[in-house]
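I opened this notebook to keep track of what I looked up, entry by entry, in the structure shown below.

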Amino acid sequence: MAKLPGPLEIYPLLPGTNCKECGEANCMAFATKMAEHTVKLEACTPLYEDPKYAKKLVKIEELVTPPVREVTIGVGEFAASIGAKLVLYRHDLRYTNPTSFFLDVPDNLDSEAFAKRVKEIEDWTYMYIGTNLRLDGIALRGVSQDPQTFAKAAKNLAGISNWPIILCSLQPEMLAAGAKAIADKRPLLYAATLDTWAEVGEIAVRHNLPLVAYAPGNLDNLATLTNTLRAMGVEQLVLDPGTASKSGLGSTVNNFTQLRRSAIIKENELLGYPLLAAPIAVWADHREGEAPELTKWDEVLTAASLIVRYSDILILHSADMWTNLPLTFLRSNLYTDPVKPVAVEAGLQTFGDVDADSPVLYTTNFALTYFTVESDIKQAGVTTYLIVIDTEAMSVQTAVAGRKLTAEKVAESLEETGIADKVNHRILVSPGMAARISGETEEASNWTVKVGPKDSSGIGKYLQEGKWKEE
Amino acid sequence: MTSDKEKSGITSLDDMFGDFAELVLENVTIELDELKLSLRPAVQQMARSVTQAALALPKSLISSSFTKPLGEYTQAIQEITLGATKGQGGTRGNTVTIGGHTAPAWDLFQAPPKNPPIIAADVFDMPISLAKVVKTHYKEVMDDPAEWAKLVVDKFGADVVTLHLISTDRQLGDTSPNDAAKTIEEVLQAVKVPILIGSAGDPVKDGPVLAKAAEVCEGERTLLCSATMDIYEPVAEAAKKHDQVVLSWTSIDINQQKELNRRLFEWLKPEQIVIDPTTAALGYGLEYAFTIMQRMRLGGLLGDEELRFPISSGTTNAWAAREAWLKNPALGPRELRGPIWESVTALALLLAGGDLFMMMHPAAIKTVHDLVDWMKEVRKVDDYPDWTSLSIPEGV
């Protein structure tokens with residue numbers, strides 16, 4: 001693996017004045033955080049502003065450039081930063097910059113349908129352990145094959161949306177017109193090919209825009225194209241080795257993996273750029289009269305494979321909940337920092353204004369279990385005690401099966417939290433998934449155990465209907 | 001897999017969703033006529049550049065070549081065979097072999113998978129509560145494990161069957177090891193594929209039940225699921241005595257997995273161990289399972305004797321995610337959401353290095369078989385369609 005610089009390599013290249021402008025106590029603290037990749041170099045403003053540090057700046061920028069460079073699409077708060085990957089495996093550190101999902105809008109829709117599609121993309125959201133999952137950008141496709149229509153659509157899109165844009169066409173005249181129309185929005189240009197590199201490369205250079213190098217199915221060609229575009233002066237590159245689904249999926253996964261492995265393990269800086277995948281290509285196989293669900297199914301599988309295998313941007317067509325929930329969840333899971341603790345602290349939690357009549361629930365200390373339960377209780381707005389039991393960070397179901405959640409454990413936790421002194425009843429609501437130990441728990445604790453819902457989404461209703469107090 | 005199994009009569013995804021699509025369309029009252037979709041045939045503009053040899057490039061391109069980023073691995077993953085044919089002392093029609101890999105999962109540029117991953121369909125020895133969209137495929141066979149096994153093999157294309165003896169649980173019926181033996185016999189009679197045996201997760205019963213299963217399956221080379229940190233001695237001992245394979249099951253902890261394997265080495269040979277670090281559902285801890293499986297596969301390849309085993313995944317756990325089964329029209333039809341959840345959970349773990357997937361929904365089983373087939377080798381792609389100008393019917 002490419003060696004990531006340590007604090008002692010970074011420190012000598014900082015100003016060394018301990019000015020605290022970056023918000024850290026001193027330059028060494030900043031160097032340490034740089035090495036952990038938790039701060040950005042730009043926070044050290046003197047380095048950029050004071051000409052006497054110019055030499056240091058060049059050296060340090062080179063030192064801290066990640067093996068996969070960062071590319072920014074769009075401007076303002078919705079701009080998408082992609083790439084900047086440091087490791088091949090998330091367990092080696094963590095993945096940075098979650099894969100950006102760009103949904104397509106064809107340039108030939110009438111203005112009403114166009115606006116509706118844009119809104120559908122911008123509005124897609126789902127609440128997942130306390131955060132709103134969202135899509136990231138819009139891929140404007142030059143279906144019209146008419147430069148004027150494309151430019152007009154680009155202008156229109158930039159007018160109604162702040163989201164980052166990819167201008168998609170393999171015709172140089174289309175990209176020239178689109179780029180000219182919205183260059184100030186910093187769109188990503190898709191794409192330069194072995195046939196069009198000269199014209200498209202020139203457009204990217206002229207407007208200083210990021211550009212996709214597209215050479216499907218042949219990594220020699222992609223390396224050549226990248227090499228050529230760099231020589232032309234295109235700095236912000238994104239690579240597309242081609243996306244094939246179904247029987248071509250093995251080849252596609254293989255190409256993406258080789259590119260990322262080359263950049264990170266073999267330190268091949270020519271290929272150290274973000275990768276673009278286009279699961280939308282499955283729609284070329286969609287046949288008249290066929291259920292669109294089959295094509296969407298395929299799009300999800302292709303996208304999921306390439307979220308796991310190193311794509312930094314995905315271009316998708318399907319905007320359904322059932323297609324994008326698994327994809328946004330998968331992205332969220334894989335881009336979670338692996339050092340994030342698996343467990344939360346065991347003990348007693350309270351929600352709302354608890355009193356002696358409040359119900360007593362229990363769950364496990366597996367972070368995802370706990371946060372899901374917590375989020376459900378908060379959303380339902382119910383008032384309750386919640387005992388968090390140390391199951392060595394296992395979910396309820398797994399902990400019961402693995403005997404990390406036992407009647408004795410539950411009885412001990414009741415004791416340790418001193419809940420008996422806080423409520424005037426002796427009723428404990430058990431997770432539905434722990435139903436099988438409820439009898440033993442009654443014996444071990446002398447509390448009455450009521451089996452609550454199997455899924456914590458049912459807690460609100462269960463408590464509000466007073467079922468836990470029923471005889 | 002070591003044999004070509006007859007797979008005729010397997011329900012295709014098309015069949016399953018053909019029905020479903022009608023259902024959905026009915027619900028939203030769209031007439032099929034309205035769906036006569038106009039789709040321009042895909043224009044394959046890029047084919048030319050694909051076939052263009054690097055040498056033939058125009059002069060002004062600055063040629064560069066690509067070097068395969070090969071890795072160095074010192075040890076192969078253990079190869080494990082499950083099931084035994086008549087000639088091998090068992091009664092199975094075929095055997096299956098997993099593991100044996102010499103490269104990280106699906107790094108085809110390095111080496112293709114030695115043995116493609118396989119699917120075990122779950123069969124239970126008593127009716128159990130299941131998500132509705134799963135249950136609908138099993139309601140006819142819930143009371144009959146033998147019929148259940150036939151269904152998953154003949155119709156759903158399962159490579160092997162896992163018979164879960166959950167009725168032996170003291171809370172669920174407390175059936176005896178002898179009762180369990182009878183059920184095993186019935187299932188062995190009903191199907192020709194290798195069968196795997198799962199216990200109930202009852203600390204008192206698991207040992208005797210799996211010991212009995214090992215005895216009944218003498219010669220069949222079954223997989224005993226599972227040995228855990230709490231109960232491994234009776235399982236390992238029975239496996240040694242009757243020459244069976246053991247699933248070494250731990251809870252998302254790589255050190256615990258190594259520890260349990262070390263203990264099992266006292267009884268078992270390397271060709272008798274499959275490992276399972278626990279599968280958590282997509283959205284509910286999948287990343288832990290993903291990363292541990294990936295680390296185990298890499299660890300094995302890089303010489304760790306305690307991790308060089310094929311990996312099993314209890315993929316049915318995907319259904320623990322509420323998003324897989326909640327009846328909520330805003331989330332889209334659960335008839336699709338559920339099986340895609342199980343499929344994507346499996347897909348992530350396929351890419352991490354899983355070898356054996358224990359699954360339930362027929363569409364997910366079919367999908368994972370497809371994925372394995374699509375990914376197991378580099379096939380030449382003739383066309384990369386120009387999706388930028390593709391006309392996709394509006395509203396889909």
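Predicted model: local features only at pLDDT ≥ 70, side-chain atom pairs only at ≥ 80, totals over all residues.

**Entry 1: domains and overall make-up of chain A.** I looked up the assignment for chain A and found domain 1 (7-64), domain 2 (70-334) and domain 3 (347-469). Taken over C-alpha atoms, the centres of domain 2 and domain 3 of chain A lie 45 Å apart. The C-alpha trace of chain A spans about 80 × 70 × 40 Å along its principal axes, and I found 17 helices and 17 strands in the chain. Of its 471 residues, 52% count as buried, and among the contacts in chain A with a separation of 6 or more, 65% come from residues 24 or more positions apart.

**Entry 2: chain B.** For chain B I noted 12 helices and 10 strands. The chain has 396 residues, of which 54% count as buried, and residues 24 or more positions apart make up 72% of its contacts with a separation of 6 or more.

**Entry 3: where the chains touch.** I asked how many residues of chain A are in contact with chain B, and the answer is 88 residues of chain A, against 83 residues of chain B. On the side of chain A that touches chain B, the elements giving two or more residues are α9 (219-232), α10 (249-264), α11 (292-308), α12 (321-334) and α14 (396-401) of chain A. By class I recorded 43 nonpolar, 31 polar and 14 charged residues on that side.

**Entry 4: the cores.** I then turned to the largest nonpolar core, which has 253 residues, and in which A:L189, A:A213 and B:V161 have the most contacts. Its largest share, 11 residues, comes from helix α11 (residues 334-352) of chain B, while domain 2 (70-334) and domain 3 (347-469) of chain A each supply at least three residues. Another core lies apart from it and has 12 residues, including A:C27, A:C44, A:Y53 and A:I60.

**Entry 5: a helix pair in chain A.** The axes of helix α7 (residues 172-182) and helix α8 (residues 197-207) of chain A come within 9 Å and cross at roughly 10°. I therefore describe α7(A) as roughly parallel to α8(A), since angles under 35 degrees count as such. In this pairing A:P172, A:L175, A:A176 and A:A179 of α7(A) meet A:E199, A:V200, A:I203 and A:H207 of α8(A), a contact with six nonpolar, one polar and one charged residues.

**Entry 6: a loop residue of chain B.** I looked for B:I252 and found it in the loop between β7 (245-249) and α8 (254-264) of chain B. Is B:I252 buried or exposed? B:I252 counts as buried because it has 23 C-beta neighbours inside 10 Å, where 20 or more are required. Not counting residues up to four places away in sequence, B:I252 touches B:P277, B:T278, B:Y288, B:A289 and B:I292. B:G283 is 31 residues from B:I252 in sequence, and their C-alpha atoms are 15 Å apart.

The peptide bond between A:Y190 and A:A191 is cis, with omega about 5°, and A:A191 belongs to strand β8 (residues 188-192) of chain A.

As for phi, A:Q145 is not a glycine and yet has a positive value of about 60°; A:Q145 sits in the loop between β6 (137-141) and α6 (147-160) of chain A. With 16 C-beta neighbours inside 10 Å, A:Q145 counts as partly exposed. A:A393, also a residue other than glycine, has a positive phi near 60°, and lies in the loop between β15 (384-389) and α14 of chain A. For A:A393 I noted 24 C-beta neighbours inside 10 Å, and therefore A:A393 counts as buried.

Conventions
Residues numbered from 1 in each chain as written. Chains lettered and ligands numbered in written order. Core = buried A, V, L, I, M, F, W, Y, C linked by C-beta atoms within 7 Å. Helix = DSSP H or I, 4+ residues; strand = E, 2+ residues; numbered from the N terminus. Domains from an automatic or database assignment. Contact = placed C-beta atoms within 7 Å. Nonpolar A, V, L, I, M, F, W, Y, C, P; charged D, E, K, R; others polar. Axes fitted to C-alpha atoms, helices over the stretch in contact; angles between N-to-C directions. Parallel < 35°, antiparallel > 145°, perpendicular 65-115°, else oblique.
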